[in-house]
Amino acid sequence: MDGGPEPDTNTGTVKVEGRSPGQLMWIRFKRDRTGVISAFVVAFFFLVAAAAPLISKLYGKDPYTIYADVRPELFDSAGVPVQPNGGISSEFWFGLEPGNGYDVFTKLIYGIRTSLMISLAVTVAVVLTGILLGVTAGYLGGKTDFFIGRLIDFLLAFPSQLFFIASMPVVVSLFVSPRDQTPTYVRVVALIAVQWVLGWMSLARILRGTTLALREREFIEAAKVSGASPWRIIRREILPNVVTPLLVQTTYTLPYLVTGEAGLSFLGVGIVEPTPDWGQMFSKASTELVLQNDITYMFFPGVSMVVFIVAFNLLGDSVRDAFDPKTAR
Amino acid sequence: MSRGGRRTYAALSIFAAGALVLSGCSKGGSNASDNNKKDQQNAKRQQASIKFGGAADSTGPAAAVPGAKTGGTLEVLQRDSYAHLDPGQIYVSDEGSLATLIHRGLTGYKATNNKGSGHEVVGDLATDSGTTTDGGKTWKYTLKDGIKFSDGTPITSADFRQTFERLFASFINQGPTYLQQWMADTNGADYRKLLPDGPYKGKHLPNSILETPDSKTVIFHFKTPHPDLPYALAMAGYAVVSKKGDTKEKYDKAPVTTGPYKIQSFKSGKSMVLVKNPNWDPKTDPIRNQYVDQMDFSFNVQYEDSTKALLADTGADQTGISFNNSVDAGNISAVLGGDAAVKARTVAGYQPYVGQININQSHAALQDKTVREAIAYALPITPIIRAFGGSSAAEVAGGYISPTVSGYDASFDPWGKKKNPGGDAAKAKALLKKAGKLGLKLTYGYQNTPEGQQYSTAIAAALKNAGFNVQRQDIPAETYYDQVGKIDNNYDIYASAWGADWPSASTVIPPLFDGRAIADGSPNYSHVNDAKVNADIDAANKISDPVKSAAAWEKIDQYLVKDVINAVPTIDYKQVQIAGSKVGGLVYDDVIGGIDPRRLYIK
């Protein structure tokens, strides 16, 4: 699994040219059509998430307006859109949400934004923690390795989903005065913190293993002999060699965290109404009111999430293949 | 009776990716067609005051239900298991429905037509609804001949002495307390001092309070007039208890019954079987019929499940019913929208509950009347109606008195909610500006249920539009009423609901708005203490003519809503119920607030 230089056996070209491992990876990735398409899909989602306020401004609606009160003629008394297919029209592209009547299009793009922002933040935190603790444990070994290893075992043994559900209200209530509403950022920070604390272990463990193997290699020995400091060895010798597992692992972690965050919101402990959120839309879609009267509602959040997760996983596969063609197919 | 504390929610359902394929199209609207007019008619009949019947009205047997046949087994699907079977402990509505089949008291409500609308209070075990010669201070009841418990022992006045004396024992703590308070002439829980251990340690109520001169006569002596006694005695909580069979606490699981059915088996939380009571004599009972041979109850059946089972109408569910489960909000359209044959299997009507949003009078900022007026104008009712399932589950309330209570005034609508249920943000904002309180912080405590989350966000948005700084706070559903019932709570506004115990506002206005009864856990959730209201309550309680007293209560109601503004009435609760295709005699009874179990038969 090391990303060291390899002979370029794929091309039987005449002209011999020096290429860095990164360039080789890029060339291989560009040849993988699935990977490229997936990358575009994923990029599109991130673009939509980033530009959500702009899009909704151009579209002229926001995800907080309660259209059931603002435009009562579009709904029956139970808050179900009167128009067929969940009120899809030229005015409301993706229809209206049964209940309070939020605009589904803006709610979805803002929901994607919330979910992706949280997951991205968790991913960054998880990767940094994983590198720090994993590489440290692997390189230093001994007591440090033992303690970090046991900490990893301990946290891995935690029933994380249950822990999320139990700890979210506690974490939230720590920060909020009883006369005030829980601000959305507190929930966001709590979600990030809880997922971060219980999310870094698998990456750290992989990096520890890789580092452990690298530590015994000759070029590290050589660096040690020539008097390089441990910090320099980690930074200049080990880190560039763990980029492959790091990138691959990260591309798998992000979609996993997106579904995890959606799951928490689905269960009602993550982001709550009226803040838009992907997972919360599923929980709305699973209510009897929607199931019986407006099944179309589930279509947009459902399809978009499936497309996103599939695309991201395919992208992860392609990244792995590009880095490491020997294990592919 | 307060509402909502015991609801449980099973909100988790699994998102199946496969369902996506199916989610192509859906037609618009939820099809909940308007039952309003019919419901209003149903309720109007109720406002016509209920008559107190004499000896002729109180003679059995009950009028036969047209087309009724005997025999068969009825399947009863219920959400909540019965926590109490001891009459003295019965207060909640589902146990009340059961009590109509197994327990009998001195008086009861007799249906005067086959539509569940007309009622009169008649003697049940007594020969009439009670006679008084001094405006309600002394009431005399004579027992009928041939009345027996299900174990065959005759019912005598000694059993009634036991029934009423044991209400003072400490283990009777869930039932109504009207009669005890009237006997002891006190408010609150002080009545227990009259007979601290009940009849169990040899002490008894003196003849100056409860007199049983012979085995057939029961006489009540009150210090103040209580013209409502025939109503009160019709509550399941005052049904007769066998002196011989009184096992104190254990009576709650295995009572000696008197109604047309007796309990064959009861597994708490699972099932119950009722069979015919051979010692019930139809000639003594002007109220109940006994058509079905057996009733099999299953518990823990959620609203969705009972609705779907009865809607599917296959197998045992064809003879299935639920006494208290409503059609759930999501399925109302499927039930009312399509098939006429399905719609024919439903009944609809008002529940006795009226919702309100309380404005906490203990908080200084809310003592400014202009601010409260602003809240009243701004508050939208539509989100609440939406959350409970639309117009067949709730409608805008004008005052605190429900359409099922005499004195209800349908035209009363001081805040224009019936015309404009979305609220009037502009007017509210102007008022708030006038009071100089723009941006006032309002902490809104809401019940953390799917409904509560949905309507509270919309209400908060509307109040925000009107210039308030709304802070929503979720309160766990299980402890909601405990939290908002505390005098020193953190919330400025919070919802509650209350239902009349009998069709008179004397069971609504005094418990909710008598300022002298403010205490932790008291239903005076807004902590209103208005001298004029307190005085008017005392005056209204003394009126013995039912029509005049109804008018007096409605006047207090209107004064509270319009001038005190301690709360804003929100919705009158309604419900739709469904039964299997082979169940006959289906009627929505206004007094029970649901399907009438006493007249059901199998087709």
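What follows is a short chat on confidence, on chain B and on one helix of chain A.

Student: What ipTM and pTM does the predictor give the complex?
Tutor: This is a predicted model, and the predictor gives the complex an ipTM of 0.81 and a pTM of 0.81.

Student: And what pLDDT does chain B average?
Tutor: Chain B averages a pLDDT of 87, with 92% of the residues scoring at least 70. Over residues 4–25 of chain B, however, the pLDDT is below 50, although this stretch has 29 contacts in the model beyond near neighbours in sequence. Residues 31–35 of chain B also have a pLDDT below 50, and that stretch has 17 such contacts beyond near neighbours in sequence. Where pLDDT is low, the predicted coordinates should not be read in detail.

Student: How many helices and strands are in chain B?
Tutor: Chain B has 17 helices and 21 strands.

Student: Switching to chain A, how far apart are the end C-alpha atoms of H6(A)?
Tutor: They are 52 Å apart, which agrees with the 54 Å that its 37 residues, 104–140, should span at 1.5 Å a residue.

Student: Is H6(A) largely enclosed or largely open?
Tutor: H6(A) is largely enclosed by the rest of the structure, because 27 of its 37 residues are buried.

Student: What comes just after H6(A)?
Tutor: A:Gly141 does, taking a positive phi of about 65°.

Key. Residues numbered from 1 in each chain as written. Chains lettered and ligands numbered in written order. Predicted model: local features only at pLDDT ≥ 70, side-chain atom pairs only at ≥ 80, totals over all residues. Helix = DSSP H or I, 4+ residues; strand = E, 2+ residues; numbered from the N terminus. Expected span 1.5 Å × (residues − 1). Buried ≥ 20, exposed ≤ 12 C-beta atoms within 10 Å, placed from the backbone. pLDDT = per-residue confidence, 0-100. Contact = placed C-beta atoms within 7 Å.
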